[in-house]
Amino acid sequence: MEISRLQSLRNAWFVFQKDVQQEFKTRYSVNAILLFAIVTLFAVSFSIGTFGASKEVKSALLWIILFFSSMSGLSHIFVREEEKHTSDTLKLICAPVSIFIGKLIFNFILLLLLEIITVPLFFAVMNFSVASTSIFLSVILLGSIGLSAGATMIAAIISKASAKGALFAVLSFPILLPVLVAGISGTKVAVIETSFLKAADELQMLFAYAVVVITAGLLLFDFVWNE
Amino acid sequence: MKITASGISKYFGEKKILRDINFEIESGMSIAITGPNGSGKTTLLKILCGLMRPTMGNIQYQVNGTAIKQESWFKYLSLVGPYLELYEELSAEDNLLFLARIKNIPSARAKIKSLMERVNLKGREADDVKTYSSGMRQRLKYVFALLSDPQILLLDEPTSNLDEEGIGIVYEIMQQQKKEKILIIATNERQDLKYGDKQIAITA
């Protein structure tokens, strides 16, 4: 009765469905992330003014808003299991790999939802535009995969600690820094260039980061989750 | 099905909780673990189901003589304990269907209906778990544990929070489980101890 890969993926989907059901009932993560993003966006726009910053600076501001907004809600996926004492229940019914994939999908979808609302708002409020929408969307998509994968793994690590909120931000910053740097750089390229080749370095970096973190997560999650 | 515990010891920091525990249990048998508060009954139960790693020694699960990897233990066992909670934002039915999907349980809805009737929670399937009393939650935990028809049933304080009727239902479950499968209970209740063919007394 070894667990097949297909069964693991199927169970990951059920874990994701369960988390969505829980989120629909509590709306904790969605509210936390969206409120943080919108408040930060308007605070930034009031403080620097609509035309007060160059496109390069605005690229950095966009990623800073996305990064810190995601920090306010992505950890909840594991913290909730620990605080409600359901983590042992989950451990007893499901293989760790399915739990990691299910929670990763949830965080990725949550981050996409944040971006669907925040990014158009950022464009409107900050009078921001890009030369290549496809480069910009690729950077955002790959960056989101990297951010959600890193954040999911860190959330599992900090969920058993006492100062969860502070620890999550502190641990996340160095680990997610490559995504932040490549994301900002890739967005800057999207602002001025139209050729994909010009953004090849940033896109490769974001892709490689996502692959490495997801692979590390799949290999190491069992130890993080069960220790 | 067979579980072998060899030389199990557990330290929390400098403090030794469990010392060199050895036993074997096969299908059709039951064990009652007893001992004063803080002696390590729950710790031993958690080690037996893989929720905690022992400092020394090991646990082996075998099916027809073949050892089972620890990552697959969860397919064979269910645990009921005061520290195991269900998802209180979800309804009882949602909790049970989640388990049924994960464990690929056939005819899950019919089984859920029959088990909810068995523990006298019929008609409360659609209610959120947070609206349940502590006794009802304990009954629901039994439905959750029995839904997968586990080969190994581990019960920590099996009758806690239950009224007389609930205790009767649990004794019936325990009696049925130990007939052909494995039952392991951790308790100090004299009545509960009768359901253990063997007793392991842990000293603090």
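**Figure 1. A salt bridge joins B:Arg109 and B:Glu93.** Their side chains meet at 3.3 Å, N to O. A salt bridge here is a side-chain nitrogen of Lys or Arg within 4 Å of a carboxyl oxygen of Asp or Glu. B:Arg109 lies in helix α3 of chain B and B:Glu93 in helix α2 (residues 92-102), so the pair ties together parts 16 residues apart in sequence. Helices (H or I, at least four residues) and strands (E, at least two) are DSSP runs, numbered from the N terminus. B:Arg109 is exposed, with a relative accessible area of 53%. B:Glu93 is partly exposed, at 27%. Buried means under 20% relative accessible area, exposed over 50%, and partly exposed in between (1.4 Å probe, protein chains only).

This is a predicted model: local features need pLDDT of at least 70, side-chain atom pairs count only at pLDDT 80 or more, and totals for chains, interfaces and linings use all residues. Residues are numbered from 1 along each chain as its sequence is written, chains are lettered from A and ligands numbered from 1 in the order in which they are written, and side-chain values use heavy atoms, with hydrogens and water left out.

**Figure 2. B:Asp149 and B:Lys181 form a salt bridge between two loops of chain B.** The closest N and O atoms are 2.5 Å apart. B:Asp149 sits in the loop between α4 and β7 (152-156). B:Lys181 sits in the loop between α5 (164-180) and β8 (182-186). The two residues are 32 residues apart. B:Asp149 is partly exposed, with a relative accessible area of 48%. B:Lys181 is buried, at 15%.

**Figure 3. A:Arg80 and A:Glu23 pair within chain A.** Their side chains meet in a salt bridge of 3.3 Å, N to O. The pair links distant parts of the chain: A:Arg80 in helix α4 and A:Glu23 in helix α1, 57 residues apart. Are these two residues buried or exposed? A:Arg80 is buried, with a relative accessible area of 4%. A:Glu23 is buried too, at 5%. Both belong to a network of salt bridges that also links A:Lys18, A:Asp19, A:Glu81 and A:Lys103. Over all chains, the structure holds 21 salt bridges.

**Figure 4. Helix α4 of chain A is largely enclosed by the rest of the structure.** The reason is that 7 of its 8 residues are buried. They are A:His76, A:Ile77, A:Phe78, A:Val79, A:Arg80, A:Glu81 and A:Glu82. Just after the helix, A:His85 takes a positive phi of about 60°. A:His85 is not a glycine. Most residues other than glycine have a negative phi. A:His85 is found in the loop between α4 and α5 of chain A, and is partly exposed at 49% relative accessibility.

**Figure 5. A:Arg27 also has a positive phi.** The value is about 55°, although A:Arg27 is not a glycine. A:Arg27 lies in the loop between α1 and α2 (28-48) of chain A. At 46% relative accessibility, A:Arg27 counts as partly exposed.

**Figure 6. A:Thr152 is buried in helix α7 of chain A.** Its relative accessibility is 0%. Contact means heavy atoms within 4.5 Å. Not counting residues up to four places away in sequence, A:Thr152 touches A:Phe78, A:Phe100, A:Lys103, A:Leu104 and A:Asn107.

**Figure 7. B:Met116 sits in the largest nonpolar core.** A nonpolar core is a set of buried Ala, Val, Leu, Ile, Met, Phe, Trp, Tyr and Cys residues joined through side-chain atoms within 4.5 Å. This core has 106 residues, and those with the most contacts inside it are B:Met116 and B:Leu140. Helix α7 (residues 133-158) of chain A gives the most to this core, with 13 residues. A second, separate core of 35 residues includes B:Ile17, B:Ile33, B:Ile59 and B:Leu154.

**Figure 8. Chain A meets chain B.** The contact takes 30 residues from chain A and 29 residues from chain B. Across the interface there are 3 salt bridges. B:Glu88 forms a salt bridge with A:Lys84, the closest N and O atoms being 3.2 Å apart. On the side of chain A that touches chain B, α1 (5-26), α4 (76-83), α5 (87-93) and α9 (200-226) each give two or more residues. The largest share, 11 residues, comes from α1(A).
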